[in-house]
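Work through the exercises below with the sequence and the coordinates open. Each task is followed by a solution in steps.

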Amino acid sequence: MPKTVIELDEYKRAEQAAGHILSCLAAKPHLGTPKIAVVLGSGLGDFANDLKDSVQIPYEEIPHFPHSTAVGHAGRLVVGKLGQLTVAAMQGRVHQYEGYTAKQASFPMRVFGLMGIKAVILTNAAGGINLAFGQGALVLISDHINLQSANPLIGPNDDRFGPRFPDMTEAYNRKYRRIAVDEAARLGFTLHEGVYAALSGPSYETPAEIRYLRTIGADLVGMSTVPEVIVARHMGITVMAISCVTNMAAGVTDKTINHEEVLEIGRQVRGKFIALLNAVMPRIAENL
Ligand code: HPA
């Protein structure tokens with residue numbers, strides 16, 4: 001007899017994943033449940049190691065959670081204390097170029113939403129298109145252009161998650177952006193702002209593609225983040241996103257691009273990056 005496979009819908013899968021995470025957190029009740037989360041991109045995962053009294057959950061132990069295969073992505077959820085604040089940090093994410101769909105890549109945002117997360121800070125490594133940015137610069141994403149040929153909301157809409165046609169006018173919260181610019185200035189550096197173009201990758205862009213992206217208004221280019229932003233906004237989670245310019249995009253300089261350098265620059269700006277997160281998160285949390 002053929003085996004009947006009953007597929008759980010996305011909502012049930014997200015409920016199971018959220019339930020598992022919350023049951024792991026029950027071992028340390030003083031942590032409480034986090035209201036703020038951060039997704040740590042290529043080479044930026046170290047922030048989570050500084051969280052105190054943390055619970056660490058490998059992605060493969062979380063039901064239905066996608067596992068990352070990319071080098072530089074540890075693949076675990078760390079929940080711990082940043083001062084008084086409880087923070088959930090994803091060390092690594094999955095990408096479309098690994099063969100995941102946009103829905104799978106953004107599934108962690110569904111789980112966060114059902115866990116009660118109200119604000120998420122997404123981080124990534126990106127190529128710099130805007131000539132005002134230098135290698136190693138941190139850039140606040142002010143808006144995006146989705147060129148990944150997919151939208152994670154395609155398919156039947158589950159109204160429990162959010163509306164069929166979510167508004168994206170201010171996907172990247174203006175108030176949070178002001179806080180980030182403010183805190184960067186206090187720390188003594190300029191936080192640029194820019195538009196992030198998301199492509200599927202995994203090949204880096206050609207110089208002609210970068211000229212095209214500049215023409216249509218992109219300042220940064222990368223291979224992640226946008227599916228997560230769309231799903232987070234669908235669920236009413238407030239979003240902030242920061243890129244680390246690990247390299248100037250193809251053709252901007254005469255250098256070629258390689259992943260090791262992307263990771264290395266990520267590691268080099270780690271101090272500045274962690275200082276910014278440490279400063280920004282408590283201020284965002286004031287209003288949750
Ligand atoms: N292009 C796309 N994604 C990237 C880049 C780039 O130049 N650098 C880091 N991620």
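**Exercise 1. The nonpolar core**

Find which residues touch the most other members of the largest nonpolar core.

Solution. Step 1: a nonpolar core is a set of buried Ala, Val, Leu, Ile, Met, Phe, Trp, Tyr and Cys residues joined through side-chain atoms within 4.5 Å. Buried means under 20% relative accessible area, exposed over 50%, and partly exposed in between (1.4 Å probe, protein chains only). Step 2: the largest core has 50 residues, and L77, M109, V111, F112 and V120 touch the most other members. Helix α1 (residues 10-25) gives the largest share of this core, seven residues; helices (H or I, at least four residues) and strands (E, at least two) are DSSP runs, numbered from the N terminus. Step 3: a second, separate core of 34 residues has L40, V87, A180 and F189 among its members. In soluble globular proteins, nonpolar side chains tend to be buried together.

Two points on the source apply throughout. The model is predicted, so local features need pLDDT of at least 70 and side-chain atom pairs count only at pLDDT 80 or more, while totals for chains, interfaces and linings use all residues. Residues are numbered from 1 along each chain as its sequence is written, and side-chain values use heavy atoms, with hydrogens and water left out.

**Exercise 2. Salt bridges**

Count the salt bridges and say which parts the pair R270 and D46 ties together.

Solution. Step 1: a salt bridge is a side-chain nitrogen of Lys or Arg within 4 Å of a carboxyl oxygen of Asp or Glu. By this rule the count is 14. Step 2: R270 and D46 form one of them, at 2.4 Å from N to O. R270 belongs to helix α7 (residues 270-285) and D46 to the loop between β1 (36-40) and β2 (52-58), so the bridge links parts 224 residues apart in sequence. R270 is partly exposed at 32%, and D46 is partly exposed at 25%. Step 3: E183 and R186 also pair, at 3.4 Å from N to O. Both lie in helix α3, three residues apart, about one turn of the helix. E183 is buried at 7% relative accessibility, whereas R186 is exposed at 61%. Through shared partners, salt bridges join D182, E183, R186 and R283 into one network.

**Exercise 3. The whole chain**

How many helices and strands are in the protein chain, and how does its radius of gyration relate to the globule rule?

Solution. Step 1: the protein chain has seven helices and nine strands. Step 2: the radius of gyration is taken over C-alpha atoms, and the globule rule is 2.2 Å times the number of residues to the power 0.38. The chain has a radius of gyration of 18 Å, close to the 19 Å that the rule gives for 288 residues, so it is as compact as a globular protein of that length. Step 3: buried residues make up 54% of the 288 residues. Of the contacts between residues at least 6 apart in sequence, 82% join residues at least 24 apart.

Technical notes. Contact = heavy atoms within 4.5 Å.
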